[in-house]
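Reader: Could you take me through some of the labels used for this structure, and tell me what stands behind each one?

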Amino acid sequence: MAQARKAAPRAASAKSKIPQVDWSEARPAPVVLVSGPESFLADRAGQAIRTALSKTNADLEVHDVDAAAYTAGELFTIASPSLFAEPRLIRVDGVEKCSDAFLEDTKRYVAEPADGTTLVLRHAGGQRGKALLDLVRGGAGGGIEVVCAEVKKDQDRLAFVLAEFRRLGAQATPGAARQLAAAYSGGIGELAGAIGQLVSDVGTRISEDQVSRATEGRVETNAFRVADAATAGRAADALVLLRQAFATGTDPIPMLAALNMKVRAMARVYGAGGSGGQLAKELGMAPWQVDRALREVRGWREEDLARAIDLAADTEWMLKGGSRDPEYALEKYLLFVAKRGRIA
């Protein structure tokens, strides 16, 4: 199975002097800044830190602090040594909404963190608390930053699916992983839950048929069947599948999204030279994605592919209220793609 590309931390400051790691690499440090808007990944990072500390410290004390409701001196009281010097984990939530007292105390604390204490600062984004973040990123406290950027791009969601299967010791075919990413297009917490349930029910080898049965009734899973037929040049099959999807109440938007994902992949590889492996590295795609896009783009002319990109934007506008017949608009775009742009 192709390895998913691990995205570089995107939410972190370029001026940071401390290690910046992906959420999957979260580890204890005197000060841990967990930044970014993706709360599910931030929770995962926090759990990993607690688990790592608990393995070596059975008597670990865990304290939760609300930065918005913080009162002066609270941090120093929690972190002060006890009679038995138990190790401590202090988890602070909502730093982006923190009180002035929290800012002042934490700036003082990170200058000289308490021994045997791990302070985890959760900041979801925004300017509030920026001075503290800059201090931590500048090296105060000898900490690390765990970046939890929002997972919203198709490629990032697919990478998450593949990583989640690996975490569970399971494997999924590329098509199965893609179907799952499309079927659960909301929060990644739901997606992670679905993967866990699928592995529990089916086992550690996941096929497209198993995903289809598990996600039956979720409209997005039909979208890629339509898109696959269209980009393979099977116009009649694509049209039949599209109309069947409409007949069962499928919304046009996820159908368009699936088709657009494949058209964008074709546009990225069009005219590119080099092996599939080289292109995968250069374009940030999985090798199987590159190979499939190269097959699907055969027979296309550059001007027609550019027209397909423009037509995708026009179709999206029509599907979102710009046309009285959005289904016809999607059919027109589908046939344009299926016939390699050879129709007006």
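Author: Gladly! Let's begin with aspartate 105 and arginine 108, which form a salt bridge whose closest N and O atoms are 3.7 Å apart. A word on the source: this is a predicted model, where local features need pLDDT of at least 70, side-chain atom pairs count only at pLDDT 80 or more, and totals for chains, interfaces and linings use all residues. Residues are numbered from 1 along each chain as its sequence is written, and side-chain values use heavy atoms, leaving out hydrogens and water.

Reader: What makes aspartate 105 and arginine 108 a salt bridge?

Author: A salt bridge is a side-chain nitrogen of Lys or Arg within 4 Å of a carboxyl oxygen of Asp or Glu. The closest N and O atoms here are 3.7 Å apart, so the pair qualifies. Both residues lie in helix H3 (residues 100-111), three residues apart, about one turn of the helix. Helices here are DSSP runs of H or I with at least four residues, numbered from the N terminus.

Reader: Why is aspartate 105 called buried, and why is arginine 108 called exposed?

Author: Buried means under 20% relative accessible area, exposed over 50%, and partly exposed in between (1.4 Å probe, protein chains only). Aspartate 105 has 7%, so it is buried. Arginine 108 has 55%, so it counts as exposed.

Reader: How many salt bridges does a search of the whole structure find?

Author: The search finds 19. One of them joins aspartate 228 and arginine 292, with the closest N and O atoms 3.1 Å apart. This pair links distant parts of the chain, since aspartate 228 is in helix H9 (residues 220-231) and arginine 292 in helix H13, 64 residues apart. Aspartate 228 is buried at 18%, while arginine 292, at 24%, is partly exposed. Salt bridges with shared partners join Arg178, Asp228, Lys262, Arg292 and Glu296 into one network.

Reader: How do you know that arginine 44 forms a salt bridge with glutamate 164?

Author: Their closest N and O atoms are 2.6 Å apart, which is within the cut-off, so the pair counts. Arginine 44 sits in helix H1 and glutamate 164 in helix H5, 120 residues apart. Arginine 44 is buried at 16%, and glutamate 164 is buried at 1%.

Reader: Now the rings. Why is the pair of phenylalanine 40 and phenylalanine 160 called edge-to-face?

Author: A pair of aromatic rings is described by the distance of the centres and the angle of the planes. Rings of Phe, Tyr and Trp (its six-membered ring) pair if their centres lie within 6.5 Å; planes under 30 degrees apart are stacked, over 60 edge-to-face, and the rest tilted. Phenylalanine 40 and phenylalanine 160 have 6.3 Å centre to centre and 80° between the planes, so they are an edge-to-face pair. Phenylalanine 40 belongs to helix H1 (residues 39-56) and phenylalanine 160 to helix H5. Phenylalanine 160 is buried, with a relative accessible area of 5%. Ring pairs link Trp23, Phe40 and Phe160 into a cluster.

Reader: What makes the pair of tryptophan 300 and phenylalanine 336 tilted?

Author: Their centres are 6.3 Å apart and their planes stand at 55°, so the pair falls in the tilted class. Tryptophan 300 is in the loop between helix H13 (287-297) and helix H14 (302-322), and phenylalanine 336 is in helix H15 (residues 326-338). Tryptophan 300 is buried at 7%, and phenylalanine 336 is buried at 4%.

Technical notes
Helix = DSSP H or I, 4+ residues; strand = E, 2+ residues; numbered from the N terminus.
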